[in-house]
Amino acid sequence: MVILGGGAAGLMCAIEGGKRGRSVALLERNESVGKKIGISGRGRCNFTNIHTSPENFISGNSNFHKSALSRFTPEDFIRIVRRHRIAYHEKKRGQLFCDGTSQQIISLLLKDCSDAGVAILTRCSVDEIRKDQTFTIFTNRGELRCGSLVIATGGLSIPKIGATDFGYRLARQFGLKIAGTRPGLVPLTLAGPEGESLRELSGVSLEAEVSFGRVSFRENILFAHRGVSGSDIVENSSHWKPGEPVAIDPKQQPRRFIQKWHELYPNTPVGAWNLKPAGTEGFAKAEVTVGGVDTDELSSKTMEARSVPGLYFIGEVVDVTGHLGGFNFQWAWASGFAAGQYV
């Protein structure tokens, strides 16, 4: 079997396939695996969330991810972390981080890959893939043939570490549908006179309840030079669609914010207001990609494409997007584990 992509999902799938005695080659186009793991959690890796439930995910099919998440839980990954004697802590709301650095999680995965006999080929870019009875993968390091091909190439977020649309292009090559993609977990931008004026609040943090339609969260928002950020805004951004307003209800009243409010809205008491974002900071600043390979095309049990036997899609390339706080890593572990039992 061949796995394309050396991120969280791909590495987990490789380990599970190797443990089952399969011959596994994992191809990574970067010079090393785990790039996104390395920068996550500001270098400490928010590797899971103990409160993970199906409700913490956005997908065109709200039931698809339930199967994989139920078969590989946060406690399952925590057991692996403990086995490797990696110290960790809960930061808030069930978010687990390494006490040390994200490299500990990468080293854990590499050790388990080695123990499972996985061959990892870095700086390996794929030029073309063909299928007859088996798959033929043409790379800059030669040709490979396999009966099972796993696509774990991620989404479009953070292109500076190598994100591309390769997984979506490959899915389309084999006739699979793609649910529309957009940046998720990303700061929002503001424009017009209101946006220009609010730039003067850059650096001000404010506790507020933020609502996108029927979805709301309460935490701090941060006014930035180009718009609004902070965990509350970033959390909600995956739900936001262009043209929709964002309701912000302040729960505290910093002096600079009150002054700006009265400047913008004279004779109006400080209260909830609707902002209409101009857009987002885009995939360059997005933590995840919303959308991806349509889940109707895949088996929720095995992650295999229904119409292409032997072809699997796992992780962020699939139309399953977690909320902020370790949920996307848990989906990576769970979907990789699920495919790894069948490839």
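Two strands are taken as paired if DSSP finds at least two bridges between them, and helices (H or I, at least four residues) and strands (E, at least two) are DSSP runs numbered from the N terminus. The structure is a predicted model, in which local features need pLDDT of at least 70 and side-chain atom pairs count only at pLDDT 80 or more, whereas totals for chains, interfaces and linings use all residues. Residues are numbered from 1 along each chain as its sequence is written, and side-chain values use heavy atoms, with hydrogens and water left out.

On these terms, an open sheet of 3 strands has the order 3-6-5 with antiparallel pairing. Its edge strands, each pairing on one side only, are strand 3 (46-49) and strand 5 (88-90), and neighbouring strands of the sheet are turned by 25° against each other on average, direction ignored. Strand 5 is joined to strand 6 (residues 95-98), which runs antiparallel to it, by 3 bridges, and His-89 stands opposite Phe-97 in strand 6.

Helix 4 lies across strand 3, strand 5 and strand 6 and runs at about 140° to strand 3, where axes are lines fitted to C-alpha atoms, for helices over the stretch in contact, and angles run from 0 to 180 degrees between N-to-C directions. In helix 4 (residues 74-83), the buried residues are Pro-74, Asp-76, Phe-77, Ile-78, Ile-80 and Val-81; buried means under 20% relative accessible area, exposed over 50%, and partly exposed in between (1.4 Å probe, protein chains only). The helix is followed by Arg-85, whose phi is positive, near 55°.

A nonpolar core is a set of buried Ala, Val, Leu, Ile, Met, Phe, Trp, Tyr and Cys residues joined through side-chain atoms within 4.5 Å. The largest such core has 79 residues, of which Ile-105, Ile-129, Leu-149, Phe-313 and Trp-333 touch the most other members. Helix 10 (residues 327-340) gives the most to this core, with 9 residues. Contacts of Trp-333 (heavy atoms within 4.5 Å) include Phe-72, Phe-77 and Ile-105, not counting residues up to four places away in sequence. A second, separate core of 20 residues includes Leu-206, Phe-212, Phe-223 and Trp-240.

Positive phi values also occur in loops. Ile-158, which is not a glycine, has a positive phi of about 55° and is placed in the loop between strand 11 (149-151) and helix 6 (166-173); Ile-158 is buried, with a relative accessible area of 11%. Asn-267 has a positive phi near 65° in the loop between helix 9 (255-264) and strand 18 (273-275), but Asn-267 is exposed, with a relative accessible area of 80%.
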